[in-house]
Amino acid sequence: MPLLLPGILFLAFYTAALMLAPSVRQHLQQAQPDWQYLLPFFVWLAVSLVMQRRINRGMTNADPWVFPIVAVLSGWGVLTIWRLSPSLGAKQIMWYSFGCALMLIALNRRDFIGNLRRYKYLWLFLGLLLIGLTFFIGVNPADAGPKLWLRFFNFYLQPSEPLKLLMIIYLAAYFADQIRPQLSLMQTILPSLLLIILAGLLLVAQRDLGTASLFVALYALMLTVTTQRRRFIFILPGLGLLLAVAAYFASDLVRTRIDIWLNPWLETSGASYQLVQAQIAIAAGGLAGTGPGLGSPAFVPVAVSDFIFSAIAEEGGLLFTSAYMLLILILAIRGLSIAQNSKTSFGRYLAFGISAYYSLQSLFIIGGNLSLLPLTGVTMPFMSYGGSSLVTNLIAALLLLRISTEPSAFTLYEKGRKSYRWVAGAFILLFGVVLAANTALAYFRQRDLLARPENPRWAVYDRFSPRGQIFAQDGEILAATKGSSGAYTRQVVYPPLSNVIGYASPIYGQTGLETSLYDVLRGYAGTDYKELWWHERFFNQPLPGLDIRLNLDLILQQHADGLLNGHKGAIVLLNAATGEVYVLSTYPSFDANRLDGNWPELMARVDAPLLSRPTQGLYPLGSVGGLIALADQFTRLEPSQNLPEINNILDNDCRQAMAASARNDSRLALKYGCLDAVRGLVQADDPAAILEQARALGLFTAPGVAIQTAAPSQPADPSLDPAGFAQALADTKLSPLQLALMAAAVSNNGQLPSAQLVNAYRDPAGNWRPFEADAALPSQAMPAPAAQRIQDYLQTGNESLWFTTGQNSALAGDGLAWYLGGTTSAWHGTPLAVAVLLEEADSRLAQTIGYNLLTAPTRGLLP
Amino acid sequence: MTETLNFALRVAMLIALYAFLAFAVVTLWRSVARPSSAENQAIPPITLTTDIDENPKEAVFVSAEVLLGREAHNDFTLEHPTVSSRHARLQYRQNQWWFEDLQSTNGSYLDNLRIEEPIVVKDGDTIYCGEVAIHIKIKPLS
């Protein structure tokens with residue numbers, strides 16, 4: 001009882017923490033404890049106290065630590081399973097009570113140990129028979145996978161669990177009876193070897209490879225100790241490796257297991273999903289864990305049995321897992337010392353076998369959870385869900401207790417002691433290695449693992465802690481978080497902006513601003529570091545996120561969306577001087593609030609509604625490349641000099657674009673993007689100079705804007721012949737945002753601004769603070785006089801506006817239409833630049849839309 | 001408030017868990033350490049004499065454990081066919097020298113009685129390992 005007391009306190013506090021966890025997660029002012037955890041705790045307490053009392057009274061000299069350790073580990077397992085699944089937890093506490101009842105029956109039964117020894121072949125035969133039965137009437141409780149269970153009414157027995165113990169009993173009895181100096185080594189071990197091979201073959205045929213490999217390891221250890229020949233402990237890893245290699249080529253199951261173990265990150269959503277999620281869960285726990293009930297261990301499939309280690313690691317951290325390993329190690333070392341002190345050699349070998357069984361099984365499954373070993377589906381002693389396993393573990397503990405009550409008055413002779421010490425040293429070393437691997441995941445690789453895209457925990461944070469809202473420049477809400485803690489949902493208030501705002505869905509992931517501004521919206525950036533740290537310790541949640549204000553103007557945006565409606569394409573409207581983005585319009589778009597029903601359709605549609613065309617769409621430059629050549633020419637020409645003579649044959653598209661003003665004039669031919677004229681202008685110029693100008697205009701770099709953009713294109717090859725280069729330039733693909741910025745440079749006296757999508761964020765005190773853009777300062781892309789000459793050259797009548805249109809060369813396939821325009825230096829108001837892109841060869845329409853937007857401010861639609 | 005209480009419970013939980021562990025480690029350490037302290041006690045020297053095929057042999061031991069057998073790794077080697085490779089041992093415990101047969105083929109005998117379980121030997125005893133007689137002299141500690 002006094003030894004058990006700290007263990008009882010541990011589980012009492014664990015229970016209390018689990019009871020409060022839901023209230024903590026939901027930030028309830030008045031705690032509403034989850035009383036259900038009291039049931040398993042008190043059942044465990046009553047059963048354990050009765051057991052401890054009976055052991056104290058009924059078993060003299062019993063080892064004082066075996067039962068307290070076993071009881072605490074089992075109770076810990078029951079509560080952990082209950083937290084993952086109350087119905088399985090209820091079964092587990094029942095199994096614990098059942099196992100303890102069996103222990104009570106066998107506690108004082110006379111000659112219990114002796115009978116085990118006497119009828120060793122009967123016990124082994126029973127075990128093998130049960131395994132054999134699974135071939136004929138085996139089932140799987142999950143209705144899938146290997147049929148390793150036998151069903152009795154509503155209970156499932158996994159015969160491989162008791163078989164492990166029966167095999168140890170058999171081997172201990174066999175070696176206790178057989179070792180005679182006059183027999184050769186081969187004669188000594190042959191019968192047992194044959195039986196082990198038979199059992200192994202049965203298990204391999206049942207695809208229970210974890211248990212089979214455990215048998216091989218146990219057998220090698222028992223041989224080492226009983227024959228006192230240390231070579232077996234060296235043969236063991238060699239044999240294991242050989243078997244693994246053979247199995248790799250013989251069995252698909254083993255090959256998959258080993259492949260995903262070697263390369264878990266290749267198939268993170270497929271075969272290695274569990275492994276990857278387990279590693280992330282262990283990292284999420286870190287050193288001290290998220291706290292009981294506060295983590296998300298259920299992201300790892302089968303967390304209650306095969307992966308209960310990762311569940312403990314997530315909610316209790318390295319402190320929990322190392323405590324578990326230490327407790328198993330202490331249990332094993334106590335078992336080894338019971339073995340050394342046993343009166344009979346059978347008791348020695350049996351206690352040794354049981355210690356090895358606890359340690360090896362823990363090492364196998366923990367190693368598998370940590371991806372240190374290939375995954376073997378063995379259970380974690382006392383912790384994993386499963387009646388067969390728990391009851392077997394408890395019976396094994398009872399055998400240890402029984403053996404400890406019959407100590408020898410004499411210490412084992414020196415050489416005999418040495419092999420036990422050796423094995424104890426090996427276990428300590430192996431647990432040390434496993435602990436180091438655990439530390440590597442939980443501490444050294446924690447940051448990397450948590451940042452993996454496979455980590456879904458952000459979706460849980462979003463449910464319990466609100467994301468920041470997103471506002472338009474005029475204060476209209478664009479995206480909002482609704483509901484209360486535990487049930488927060490995200491809503492895009494103006495759905496046509498879904499391509500820009502994006503979505504944050506547990507199923508489909510994150511896109512747009514939701515992902516590019518995640519740190520601010522989620523409260524990781526801009527909040528007080530210490531406050532965040534403590535908040536995470538208390539709640540395992542980040543702080544409420546910070547609000548963000550964009551430069552987008554909702555009225556202009558709606559106007560642009562209306563203009564584009566029905567035409568595939570994109571519109572970007574900028575403040576030409578500051579780069580503030582007023583409009584990012586795309587068509588077709590989608591509704592981020594209605595992904596669930598529409599996802600397959602959205603993914604399948606050829607018109608790519610999920611694409612944010614202004615920033616992610618890449619379109620051939622076509623004949624708006626003439627603008628680059630113009631900039632280069634005007635940079636180098638003296639004010640009095642004119643452009644070189646160029647051919648000005650009008651093609652169909654540009655004739656259409658020119659419409660009423662159709663005249664055979666090289667200025668108009670360039671303005672309206674006549675292919676021949678632009679080609680002529682480019683060919684008359686130096687390719688290297690054109691590329692230099694394009695680079696200065698930022699066409700080969702991704703625009704530094706707070707949203708995902710398409711990867712920049714490579715410059716055309718300047719060593720091509722003039723016609724080839726002109727074609728390559730026209731084929732260079734650029735995003736509408738890049739071209740809008742180029743237009744802004746023309747309107748802004750040659751200064752290229754950087755795009756500013758985000759205006760400000762609201763700090764925790766409620767003050768709006770300027771968003772520190774990572775974008776560069778404006779750069780001089782061309783001399784101011786050159787920009788002025790372009791404005792004059794492309795001016796629209798008497799208005800303070802300029803524009804040019806462009807088309808795709810007929811060779812490049814799909815038709816498209818560009819419109820680039822802006823205000824001139826004579827404009828009295830906010831300087832504007834616009835890029836319109838249509839995925840149809842309709843320059844007239846592009847012109848109408850662009851002109852309409854540029855003149856919108858004069859109609860009162862001013863940002 | 002709830003979160004503070006919960007946090008305190010978590011800290012208390014870890015303290016209790018590690019108290020349990022520390023408690024177990026300390027007792028384990030003590031039980032491991034105890035035999036070595038017992039070995040450090042003064043041991044009265046034991047002298048073994050034997051005469052195999054007229055090759056007299058005598059040795060004095062002051063270690064707590066003496067292994068007897070045919071093979072060379074034993075502390076007291078008895079090269080005789082009736083002696084098992086690892087035959088028996090002498091152990092000093094509870095202020096006495098104990099003789100224990102290690103499941104030898106031909107057995108050990110004291111006063112013509114087969115030694116089935118460990119027995120206490122005194123100065124002047126003669127023990128047979130197989131057919132080899134061993135005379136025991138124990139010099140009491142002064």
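1. Helix 13 (residues 308–341) and helix 14 (residues 345–369) of chain A pack at about 160°, and their axes lie 9 Å apart. The model is predicted. Helix 13 of chain A passes helix 14 of chain A in a left-handed crossing.

2. Next, the residues at that contact. Helix 13 of chain A contributes A:F309, A:S310, A:I328, A:L331, A:A332, A:G335, A:L336, A:I338 and A:A339. Among the residues they meet in helix 14 of chain A are A:R348, A:A351, A:F352, A:Y358, A:I365 and A:N369. By class, this contact of helix 13 with helix 14 of chain A has 13 nonpolar, six polar and one charged residues.

3. Helix 6 (residues 120–137) and helix 7 (residues 160–178) of chain A form another pair. Their axes come within 9 Å and cross at roughly 155°. That makes helix 6 of chain A roughly antiparallel to helix 7 of chain A. The crossing of these two helices of chain A is left-handed.

4. On the helix 6 side of chain A, the contact uses A:K120, A:W123, A:L124, A:L126, A:G127, A:L130 and A:I131. These meet residues of helix 7 of chain A including A:S160, A:P162, A:L163, A:L166, A:M167 and A:Y174. The class count for the contact of helix 6 with helix 7 of chain A is 13 nonpolar, two polar and one charged.

5. Helix 1 (residues 5–25) and helix 2 (residues 38–58) of chain A pack at an angle of about 170°, with axes 10 Å apart. Helix 1 of chain A is thus roughly antiparallel to helix 2 of chain A. A:I8, A:L11, A:A12 and A:T15 of helix 1 of chain A make the contact with A:L38, A:F41, A:W44 and A:L45 of helix 2 of chain A. The residues of this contact divide into seven nonpolar, one polar and no charged.

6. How many residues of helix 3 of chain A are buried? The count is 19 of the 19, so helix 3 of chain A is largely enclosed by the rest of the structure. Helix 3 of chain A spans residues 66–84. From first C-alpha to last, helix 3 of chain A reaches 27 Å, close to the 27 Å expected at 1.5 Å a residue.

7. A:L853 sits in helix 34 (residues 843–854) of chain A. Is A:L853 buried or exposed? A:L853 has 25 other C-beta atoms within 10 Å, so A:L853 is buried, the threshold being 20 or more. Which residues does A:L853 touch, leaving aside those up to four places away in sequence? They are A:A560, A:I571, A:L573 and A:V834. A:A560 is 293 residues from A:L853 along the chain, yet their C-alpha atoms are separated by 7.2 Å.

8. Finally, the interface between the chains. Here 34 residues of chain B are in contact with 37 residues of chain A. On the chain B side, helix 1 (2–39), strand 3 (65–69), strand 5 (88–93) and strand 6 (96–101) each supply at least two residues. Helix 1 of chain B gives the largest share of that side, 23 residues. By class, the side of chain B that touches chain A has 20 nonpolar, eight polar and six charged residues.

Technical notes. Residues are numbered from 1 along each chain as its sequence is written. Chains are lettered from A and ligands numbered from 1 in the order in which they are written. This is a predicted model: local features need pLDDT of at least 70, side-chain atom pairs count only at pLDDT 80 or more; totals for chains, interfaces and linings use all residues. Two residues are in contact if their C-beta atoms, placed from the backbone, lie within 7 Å. Helices (H or I, at least four residues) and strands (E, at least two) are DSSP runs, numbered from the N terminus. Ala, Val, Leu, Ile, Met, Phe, Trp, Tyr, Cys and Pro count as nonpolar, Asp, Glu, Lys and Arg as charged, and the others, Gly among them, as polar. The expected span of a helix is 1.5 Å times one less than its number of residues. A residue is buried if 20 or more other C-beta atoms lie within 10 Å of its own, exposed if 12 or fewer, and partly exposed in between; C-beta atoms are placed from the backbone. Axes are lines fitted to C-alpha atoms, for helices over the stretch in contact, and angles run from 0 to 180 degrees between N-to-C directions. A crossing is left-handed if the near helix is turned anticlockwise from the far one by less than a right angle, and right-handed if clockwise. Angles under 35 degrees count as roughly parallel, over 145 as roughly antiparallel, 65 to 115 as roughly perpendicular and the rest as oblique.
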